[in-house]
Amino acid sequence: MDFSKAFDTVDQELAAEKYNDFVDSPFIRKWLYNFTKDREQRLIWRNTKCAYHPISRGCSQGTVGGPGIFSMLTDDATSSREQCAVVKYSDDMSCIIPCLKTPNNTEKETMQAEFHDFSRWAKCKKLQINTQKTKEIRFSLNPSPVCHCACDPVSVTSVTDLRILGITFQKNALFSKHVKALLSHSRSLLYLLKDLHLRQVPIHEVDRLFEALILSRIRYGISVYGCDRGAIKKVDTFLEKCHSKQYTSNRICADDVLKEEDQRLLNNIMMNSRHPLRPYLLTHRKAKNSTRSDFFGVKPQTKTKMFLHSFCNRILT
């Protein structure tokens, strides 16, 4: 979901009503209210300076408090249906709606009703949905899905791949396009490391630069695209070539990087009771053996390798 000028159209009075739910200190609430209230803005073009004019709407984009105020305003953007979910990150919002292979009229109505509910919510918050930038992507492991549910009669563009927070998602649930772009950009930075070798820079300094320029990009989102084993193999092949060509002195394994990031993410989820991934975290289900009296953990039944290698199932192994 995309909003037209999301930060610029925030109603300051509606945002002020949400401060009590998140901020305990009355002094900080007053400071936040004064931060957005009675602001003025002017236009400067070359040597011409226009007069200041009051601004009754919007929270300053680019400031520390701007995204926080917008997040508090949109905190109640949730789905009333148990099978649906609304995922938010600042002004980026995504609505996840499951659909069966052979949908009935109820599921068609669910998709349309979810979109209409979101539209009504945005109208109450005085936010305008930009239908031209709102995209729809349908994930399916079946190359020829039979689902023909319509999101809404309005012109919502249906795409085959979608970039969300730096990760390219594809309708077949693979991440080949993301990894291709990631490795292409990483290869374009290797000339810097090659130049350092020619200048006889110490290898430990080159390793630090490799960690900052190359490995940090690979680490970002690897817990998401790590379910695609083909993508992980391509990343591992790239890291192996970097080691053989002496761009780094360490033989870094992509699976080891994946395990490190999974463990870091799991620690964050377990330490934060309000972590957005906590409700989706699978736990061991106890089942009783018919021949013995003890209990043992049972993993979720998996029918595809994609689901087997997803984050929630990886951390159970």
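What share of the 317 residues of the protein chain counts as buried? The figure is 34%. Keep in mind that this is a predicted model.

Some overall numbers. The protein chain has 13 helices and 12 strands. It exposes about 20800 Å², and carbon and sulfur atoms supply 54% of that area. Now take the contacts with a separation of 6 or more. Residues 24 or more positions apart account for 58% of them.

Let's start with helix H3, residues 26–36. Which residues of H3 are buried? They are Leu 32, Phe 35 and Thr 36. These three cover an arc of only 85° around the axis, so they sit on the same side of H3. As background, an α-helix has 3.6 residues a turn, so residues three or four places apart point the same way. Turn to the other side of H3, and you find Phe 27 and Lys 30 exposed.

What do the buried residues of H3 pack against? Three helices are on the list: H1 (12–17), H2 (19–22) and H4 (65–73). Strand E1 (39–41) is on it too. After H3 comes Asp 38, with a positive phi near 55°.

That brings us to backbone angles. Most residues other than glycine have a negative phi. Here are two more residues to look at. Arg 46 is not a glycine, yet its phi is positive, about 55°. Find it in the loop between strand E2 (44–45) and strand E3 (48–49). Arg 46 is exposed, with a relative accessible area of 71%.

Lys 126 is the other one. Its phi is also positive, near 60°. Where is Lys 126? Look in the loop between helix H5 (105–124) and strand E7 (135–136). Lys 126 has a relative accessible area of 47%, so it counts as partly exposed; the exposed class needs over 50%.

Stay with strand E7 for a moment. Glu 136 lies in that strand. Is Glu 136 buried or exposed? Buried, with a relative accessible area of 12%. That is a charged residue by class, and its side chain has a partner. The side chain of Glu 136 makes a polar contact with the side chain of Arg 138, at 2.9 Å.

Last stop: a helix pair. Two packed helices are described by the angle between their axes and the distance between the axes. Helix H10 covers residues 229–244, and helix H11 covers residues 254–271. They pack at about 120°, with axes 8 Å apart. Which residues meet? From H10, we have Arg 229, Ile 232, Val 235, Asp 236 and Leu 239. From H11, we have Ala 254, Asp 255 and Leu 258. By class, this contact has 5 nonpolar, no polar and 3 charged residues.

One more residue in H11: Val 257. It is buried, with a relative accessible area of 3%. What does Val 257 touch, leaving aside neighbours within four places in sequence? Its contacts are Leu 215, Arg 219, Ile 222 and Ile 252. Val 257 and Asp 236 are 21 residues apart in sequence, and their C-alpha atoms are 9.8 Å apart in space.

That's my tour. Over to you.

Methods. Residues are numbered from 1 along each chain as its sequence is written. This is a predicted model: local features need pLDDT of at least 70, side-chain atom pairs count only at pLDDT 80 or more; totals for chains, interfaces and linings use all residues. Side-chain values use heavy atoms; hydrogens and water are left out. Axes are lines fitted to C-alpha atoms, for helices over the stretch in contact, and angles run from 0 to 180 degrees between N-to-C directions. Helices (H or I, at least four residues) and strands (E, at least two) are DSSP runs, numbered from the N terminus. Contact means heavy atoms within 4.5 Å. Buried means under 20% relative accessible area, exposed over 50%, partly exposed in between (1.4 Å probe, protein chains only). The arc is that of the directions from the helix axis to the C-beta atoms. Accessible areas come from the Shrake-Rupley method with a 1.4 Å probe; for residues, only the protein chains shown count as cover. A polar contact is a pair of N or O atoms within 3.5 Å; within protein, one must be able to donate a hydrogen and the other to accept it, and residues adjacent in sequence count only if both atoms are side-chain atoms.
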